[in-house]
Amino acid sequence: MSYSVGQVAGFAGVTVRTLHHYDEIGLLVPSERSHAGHRRYSDADLDRLQQILFYRELGFPLDEVAALLDDPKADPRAQLRRQHELLTARIERLQKMAAAVEHAMEARRMGINLTPEEKFEVFGDKDPEAHAEEAERRWGGTDTYAESQRRAASYTKDDWKRMQAEVTSWGESYDALMAAGEPSTGEAAMSMAEEHRRHITKWFYECTYDIHRGLAETYVSDERFKEFYDSMRPGLAEHLREAIEANAARHTA
């Protein structure tokens, strides 16, 4: 039995565009074509798509997924065991983060102020002021830094809540974009990069495309920034860097 691209998209919860992209890059080439040239997918194709989506959910880049699935020495059972191990580790991390959120909610309800260490305990053993210190070290003498500090000093608690809500919403959208297999240089990713740039301009300082490019490099070269973005989804920092570069190029060409 074979299935149309629309049926497969419905089964898997992905877009038709994603399946077309997988076909174009050779990651998932349908086994058949109809007389009219339309894609037709076999049960074996669906099995491969399932494997692709497992690895994508775990944050693997598409080229690494292809290498794993096309390895002639690969044992399908071993791949499933590895996926199970990775998913279990991710679940444990998410459970810890959920517990930390519950702790923060309960503390807020009871009027208890958490210490900086308690607020950031879930992210591991690191200085909660690291980002602020790094920003001052790099940009402390610039007009951009001064503008950022001036604006931040004027924000109320409600302002910070709205800002964080925007960051959370953006991160969830970017996570979904990557899960769908959208390329970093595609329209969807570039739109998310533009939203990211505008968020900085709205809340901190005028973020030009050149400044945005510089920030993008920092997101992958500095482990602290990389960890922040990759906590939203593994591989997000690098994907975002490429999207920011592509977005800047199209606006400054």
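**Pocket lining and nonpolar cores**

Helix α13 supplies three residues to the lining of the second largest pocket, the largest share of that lining; helices here are DSSP runs of H or I with at least four residues, strands are runs of E with at least two, and both are numbered from the N terminus. The model is a predicted one, in which local features need pLDDT of at least 70 and side-chain atom pairs count only at pLDDT 80 or more, whereas totals for chains, interfaces and linings use all residues. Residues are numbered from 1 along each chain as its sequence is written, and side-chain values use heavy atoms, with hydrogens and water left out.

The second largest pocket has a volume of about 300 Å³, and among the 15 residues that line this pocket, Arg56, Pro61, Leu62, His239 and Glu242 are the closest to its centre. A pocket is taken, on a 1 Å grid over the protein atoms alone, as an open set of points where a 1.4 Å probe fits, with protein on both sides within 12 Å along at least five of seven lines, and lining residues have an atom within 4 Å of a point; grid points are joined across faces, edges and corners, and the volume is the space filled by probe spheres set on the points. At least two lining residues come from each of α4 (62-69) and α13 (236-252).

In the protein, which contains 13 helices and three strands, 36% of the 253 residues count as buried, that is, under 20% relative accessible area with a 1.4 Å probe and protein chains only, with exposed meaning over 50% and partly exposed in between. The largest nonpolar core comprises 23 residues, of which Trp170, Tyr174, Tyr219, Tyr229, Leu236 and Leu240 have the most contacts inside it; such a core is a set of buried Ala, Val, Leu, Ile, Met, Phe, Trp, Tyr and Cys residues joined through side-chain atoms within 4.5 Å. Two or more residues of this core are given by each of α9 (157-179), α10 (187-203), α11 (209-221), α12 (223-230) and α13. A second, separate core has 20 residues, including Ala9, Val14, Leu19 and Phe60.

When residues up to four places away in sequence are not counted, Tyr174 touches Ala189, Met192, Leu236, His239, Leu240 and Ala243, contact being defined by heavy atoms within 4.5 Å. In α11, the buried residues are Tyr209, His212, Leu215, Ala216, Thr218, Tyr219 and Val220. Glu227, found in helix α12, counts as partly exposed because its relative accessibility is 34%.
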